[in-house]
Amino acid sequence: MSDRLSETIADPPPGPPAHNGASEAKPVVSEAQGLRLLLALSVILFFAYICVAMALPVVSVHVVKGLGLSNGWGGLAAGMAFVSTIFSRAWAGGVSDRLGPKPAMARGLWFYLMGAVICILAGVLGAQPWLALAVLLLGRAIVGVGESYVSVSMVAWGIGLAGQHRAGRVMAFMGAAMYGALGAGAPLGLLLYHIGGFSAVMSFSALLPLIGLLAIIKMPGVAPHAATMRRSFLSMIGTIWKHGFVILAQGIGFAAIGAFFSLYFLAQGWQGAGLGLTAFGAGFVLVRVLFGHLPDRIGGLPVAMVSLGVEVIGQLLIWGGDMSGLALLGAFMTGLGCSMIYPSMGREVVALVSPQQRGMALGGFAAFQDLAYGLTGPVAGMLADRAGYGPIFLIGAIAAASGLGMVLWLRRGARIAVHGT
């Protein structure tokens, strides 16, 4: 994998330069150093993100099974972190643009730590379910702010090291680290939950951001871009909303697996409730490692088209499968499909804006995915209270199909712009 990444970083920059007449600064380190640092950042992100991954399947189980509240509240608790990211992405992206990605990354890790500590308190208050839920929602919201900082700054940091012409590759590696953490962290979180309860999960989660803070101390940062006239966030959304809709549509399937796959297995009486995110993460990382170079080589839209079709099949398998093996296969295929959509569409977004606006653009772009994650939990939870867990995954398939329709629209627009027909 290292040899292949080194080759792709060394390739001549393909495709057109960034729009708006902006020029991209050269990477701040040599190609060999860029390779090592990019891999190091991916490893740091992997371990830091496990603190998010462990909680994701555990939160809804704790609220429903531990606190005795409804699936709707469980979905809200699981999705609260993503709700808060919707409102903090622009803020985090602006900090990364002004101060540089390394300081923004450090802030995000501190927010992770604070959120985990507050969630420990929520576990202690289990005898008072409504108070525990309120504290849990606060902790999850703070974790979401940390997620805004960590994800935006890590991508901006990686692009600064490798160069804008490898933006798709950088996002592929960063995403592989995050979803690899989801695959490893989900069963670990459920195991710790069964052994020591919710507070044990959150206590372990609080240690990981501290390790990340120590790991980035001596890593070279990327200087912030010179101050320029900055666009408003709403103006930026107007530029990227079609690309954002695509990741919103694909994110519903992942959010459904993250919040309700474990409960779906428990309701069916199947074994392996904690393996849903593991199967998803395995498919996700496999595609990122083997095909992470494709958006930079052939363009983001063709890759997104195939990916969304695979996600539709995966969600339908979970919905229609009558055995645990088919459901796990569906989760795996959903991971295969979701894997390249973010870097594919993110590469197109990076090409639309100047380097000085990159953090804000990536923050706005990611906010669409946050919207999917934040809304799916509570809405799908209310649906599950009335119709069971299966229909949630049918909705995921329909959403992915709508994302495919948007990609076809974007591709048609691109063809008209180039060929006039």
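Mentor: In this predicted model, the largest nonpolar core has 121 residues, and the members with the most contacts inside it are Met154, Trp157 and Met345. Helix H2, which spans residues 31-66, supplies the largest share of this core, namely 19 residues. As background, nonpolar side chains in soluble globular proteins tend to be buried together.

Consider Met345 as a point of entry. Once its neighbours within four places in sequence are set aside, Met345 is in contact with His243, Val246, Ile247, Leu301, Ala304, Phe365 and Leu410.

A search of the whole structure finds 15 aromatic pairs. One of them joins Trp73 and Trp130 edge-to-face, with 5.4 Å from centre to centre and 85 degrees between the planes. Because Trp73 belongs to helix H3 and Trp130 to helix H5 (residues 129-162), this pair ties together parts that lie 57 residues apart in sequence. Trp73 has 34% relative accessibility and therefore counts as partly exposed, whereas Trp130 is exposed, with a relative accessible area of 51%.

Phe111 lies in helix H4 and Tyr149 in helix H5, so that the pair links distant parts of the chain, 38 residues apart. Tyr149 has a relative accessible area of 0% and is therefore buried. Elsewhere, Phe261, Tyr264, Phe265, Trp270 and Phe393 form one aromatic cluster.

Apart from neighbours within four places in sequence, Ser96 is in contact with Pro101, Ala104, Val152, Ser153 and Ala156. Arg347 is likewise buried, since its relative accessible area is 18% and the limit for this class is under 20%. The side chain of Arg347 meets that of Glu348 in a salt bridge, with 3.5 Å from N to O. A search of the whole structure finds one salt bridge.

Trp110, Met114, Phe204, Leu207 and Leu210 make a nonpolar surface patch of about 480 Å². Helix H4 (101-124) and helix H7 (198-216) are the elements that give two or more residues to this patch, and H7 provides the largest share, three residues. Phe204 lies in helix H7; with 36% relative accessibility, Phe204 counts as partly exposed.

The chain contains 15 helices and zero strands. Of its 421 residues, 59% count as buried. Among contacts between residues at least 6 apart in sequence, 86% join residues at least 24 apart. The chain exposes about 15,800 Å², of which carbon and sulfur atoms supply 70%.

Methods. Residues numbered from 1 in each chain as written. Predicted model: local features only at pLDDT ≥ 70, side-chain atom pairs only at ≥ 80, totals over all residues. Heavy atoms only, no water. Patch = residues over 30% accessible without salt bridge, like charges linked within 9 Å, V, L, I, M, F, W, Y side chains within 5 Å. Areas by Shrake-Rupley, 256 points an atom, 1.4 Å probe, with all protein chains shown as cover. Salt bridge = Lys/Arg side-chain N within 4 Å of Asp/Glu carboxyl O. Helix = DSSP H or I, 4+ residues; strand = E, 2+ residues; numbered from the N terminus. Buried < 20%, exposed > 50% of the residue type's maximum accessible area, 1.4 Å probe, protein only. Contact = heavy atoms within 4.5 Å. Core = buried A, V, L, I, M, F, W, Y, C linked by side-chain atoms within 4.5 Å. Phe/Tyr/Trp six-rings, centres within 6.5 Å; stacked < 30°, edge-to-face > 60°.
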